[in-house]
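Q: Hi! Could you walk me through this one? I'd like to begin with the strands.

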Amino acid sequence: MRLLLDTHALLWWLADEDLTAEARHAIADPANLVAVSAASAWEISIKKALGKLAAPDDLGEQVQAGDFLPLPVSIAHAVAAGQLDHHHEDPFDRMLIAQAFAEGLTIVTRDKRFEDYGVTLLPA
(Lines give C-alpha, C1' and ligand atoms only; values in the text may rest on other atoms or scores of the structure.)
Protein backbone atom coordinates (compact mmCIF):
# COMPACT_ATOMS: atom_id res chain seq x y z
CA MET A 1 0.00 0.00 0.00
CA ARG A 2 1.19 3.53 -0.79
CA LEU A 3 0.04 6.03 1.83
CA LEU A 4 0.08 9.81 2.19
CA LEU A 5 -0.50 11.10 5.71
CA ASP A 6 -2.85 14.03 6.12
CA THR A 7 -1.38 16.57 8.52
CA HIS A 8 -3.54 15.53 11.46
CA ALA A 9 -2.73 11.86 10.84
CA LEU A 10 0.99 12.66 10.91
CA LEU A 11 0.66 14.57 14.17
CA TRP A 12 -1.44 11.82 15.74
CA TRP A 13 1.12 9.22 14.68
CA LEU A 14 3.97 11.23 16.18
CA ALA A 15 2.02 11.81 19.42
CA ASP A 16 0.89 8.16 19.54
CA GLU A 17 -2.78 9.07 19.82
CA ASP A 18 -6.19 9.03 18.13
CA LEU A 19 -5.46 6.95 15.01
CA THR A 20 -7.72 4.02 14.12
CA ALA A 21 -6.21 0.58 14.56
CA GLU A 22 -6.39 0.08 10.78
CA ALA A 23 -4.44 3.28 10.09
CA ARG A 24 -1.88 2.56 12.81
CA HIS A 25 -1.29 -0.93 11.43
CA ALA A 26 -0.95 0.32 7.83
CA ILE A 27 1.51 3.07 8.80
CA ALA A 28 3.59 0.68 10.89
CA ASP A 29 3.72 -2.01 8.20
CA PRO A 30 7.24 -1.93 6.69
CA ALA A 31 5.83 -3.28 3.41
CA ASN A 32 3.92 -0.02 2.93
CA LEU A 33 5.37 3.21 1.58
CA VAL A 34 4.33 6.10 3.84
CA ALA A 35 4.79 9.61 2.45
CA VAL A 36 4.68 12.96 4.22
CA SER A 37 4.12 16.00 2.03
CA ALA A 38 6.18 19.16 2.26
CA ALA A 39 2.75 20.84 2.31
CA SER A 40 2.05 19.23 5.70
CA ALA A 41 5.35 20.45 7.10
CA TRP A 42 4.54 23.93 5.78
CA GLU A 43 1.05 23.84 7.33
CA ILE A 44 2.43 22.67 10.68
CA SER A 45 5.14 25.35 10.66
CA ILE A 46 2.68 28.15 9.88
CA LYS A 47 0.10 27.08 12.46
CA LYS A 48 2.78 26.50 15.08
CA ALA A 49 4.24 29.99 14.51
CA LEU A 50 0.74 31.48 14.89
CA GLY A 51 0.26 29.65 18.19
CA LYS A 52 -2.62 27.59 16.77
CA LEU A 53 -0.89 24.23 16.99
CA ALA A 54 1.46 22.34 19.26
CA ALA A 55 3.90 20.31 17.19
CA PRO A 56 7.39 18.88 17.50
CA ASP A 57 10.31 21.23 16.99
CA ASP A 58 12.21 18.47 15.20
CA LEU A 59 9.55 17.53 12.64
CA GLY A 60 12.05 16.75 9.88
CA GLU A 61 14.02 14.46 12.14
CA GLN A 62 10.87 12.67 13.29
CA VAL A 63 9.72 12.14 9.70
CA GLN A 64 13.13 10.70 8.89
CA ALA A 65 13.18 8.53 12.02
CA GLY A 66 9.76 7.16 11.06
CA ASP A 67 11.17 6.04 7.70
CA PHE A 68 8.58 8.17 5.97
CA LEU A 69 9.19 9.31 2.41
CA PRO A 70 9.40 13.11 2.20
CA LEU A 71 7.19 14.17 -0.72
CA PRO A 72 8.18 17.50 -2.26
CA VAL A 73 5.65 19.78 -3.94
CA SER A 74 6.31 19.85 -7.67
CA ILE A 75 5.11 22.29 -10.31
CA ALA A 76 2.80 19.56 -11.62
CA HIS A 77 1.34 19.07 -8.12
CA ALA A 78 0.76 22.81 -7.76
CA VAL A 79 -0.97 23.12 -11.13
CA ALA A 80 -3.15 20.08 -10.40
CA ALA A 81 -4.14 21.44 -6.97
CA GLY A 82 -5.16 24.72 -8.55
CA GLN A 83 -7.36 22.91 -11.06
CA LEU A 84 -9.31 20.83 -8.53
CA ASP A 85 -13.00 21.55 -8.01
CA HIS A 86 -13.59 23.70 -4.94
CA HIS A 87 -15.22 21.09 -2.72
CA HIS A 88 -12.53 21.85 -0.15
CA GLU A 89 -11.14 25.35 0.35
CA ASP A 90 -8.09 24.45 2.45
CA PRO A 91 -5.07 24.87 0.13
CA PHE A 92 -2.94 22.39 2.10
CA ASP A 93 -5.58 19.67 1.81
CA ARG A 94 -6.10 20.42 -1.88
CA MET A 95 -2.36 19.93 -2.38
CA LEU A 96 -2.48 16.57 -0.62
CA ILE A 97 -5.37 15.51 -2.85
CA ALA A 98 -3.48 16.56 -5.98
CA GLN A 99 -0.36 14.74 -4.81
CA ALA A 100 -2.33 11.58 -4.02
CA PHE A 101 -3.78 11.53 -7.53
CA ALA A 102 -0.44 12.28 -9.20
CA GLU A 103 1.56 9.76 -7.18
CA GLY A 104 -1.04 7.00 -6.78
CA LEU A 105 -1.29 7.38 -3.00
CA THR A 106 -4.02 6.59 -0.48
CA ILE A 107 -4.61 9.48 1.92
CA VAL A 108 -4.82 8.64 5.63
CA THR A 109 -7.36 11.16 6.95
CA ARG A 110 -10.57 11.76 8.88
CA ASP A 111 -11.53 14.73 6.74
CA LYS A 112 -14.84 13.76 5.12
CA ARG A 113 -14.50 16.54 2.51
CA PHE A 114 -11.78 14.50 0.78
CA GLU A 115 -14.48 12.01 -0.30
CA ASP A 116 -15.90 14.57 -2.75
CA TYR A 117 -12.77 14.20 -4.90
CA GLY A 118 -12.90 10.43 -5.35
CA VAL A 119 -9.37 10.01 -4.04
CA THR A 120 -8.57 6.72 -2.29
CA LEU A 121 -8.79 7.11 1.49
CA LEU A 122 -7.89 5.16 4.61
CA PRO A 123 -9.76 6.36 7.71
CA ALA A 124 -7.39 7.86 10.23
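A: Happy to. In strand 4, Ile-107 is the residue standing opposite Leu-4. Keep in mind that this is a predicted model.

Q: In which sense do strand 1 and strand 4 pair, and over how many bridges?
A: Strand 1 pairs with strand 4, residues 106–109, in the parallel sense, and three bridges link the two.

Q: And strand 2, in which sense does strand 1 pair with that?
A: Parallel again: strand 1, residues 2–5, pairs with strand 2, residues 33–37, over three bridges.

Q: Which residue in strand 2 is the bridge partner of Leu-3?
A: That would be Val-34.

Q: Switching to charges: how many salt bridges are in the whole structure?
A: The search finds five. One of them joins Asp-16 to Arg-24, with the closest N and O atoms 3.3 Å apart.

Q: Is Asp-16 buried or exposed?
A: Asp-16 is exposed, at a relative accessible area of 58%. Arg-24 is partly exposed, at 24%.

Q: Which residue does Lys-48 form a salt bridge with?
A: Its partner is Asp-57, and the closest N and O atoms there are 2.2 Å apart. Asp-57 counts as exposed because its relative accessibility is 74%, and the cut-off is over 50%. Lys-48 counts as partly exposed at 27%.

Q: What about Arg-113, which side chain does that one meet?
A: Arg-113 meets Asp-111 in a salt bridge, 3.1 Å from N to O.

Q: Why does Asp-111 count as buried?
A: Asp-111 has 11% relative accessibility, and buried means under 20%, so Asp-111 falls in that class. Arg-113 has a relative accessible area of 42% and is partly exposed.

Q: New topic, Leu-59. Where does that residue lie?
A: Leu-59 is in helix 4, which covers residues 59–65.

Q: Buried or exposed, that Leu-59?
A: Buried, with a relative accessible area of 12%.

Q: Which residues is Leu-59 in contact with, leaving aside neighbours within four places in sequence?
A: The contacts are Leu-10, Leu-14, Ala-41 and Ile-44.

Q: And how many Å apart are Leu-59 and Val-73 in space?
A: From C-alpha to C-alpha, Leu-59 and Val-73 are 17 Å apart, with a separation of 14 residues in sequence.

Notes. Residues numbered from 1 in each chain as written. Predicted model: local features only at pLDDT ≥ 70, side-chain atom pairs only at ≥ 80, totals over all residues. Heavy atoms only, no water. Pairing = 2+ DSSP bridges. Helix = DSSP H or I, 4+ residues; strand = E, 2+ residues; numbered from the N terminus. Salt bridge = Lys/Arg side-chain N within 4 Å of Asp/Glu carboxyl O. Buried < 20%, exposed > 50% of the residue type's maximum accessible area, 1.4 Å probe, protein only. Contact = heavy atoms within 4.5 Å.
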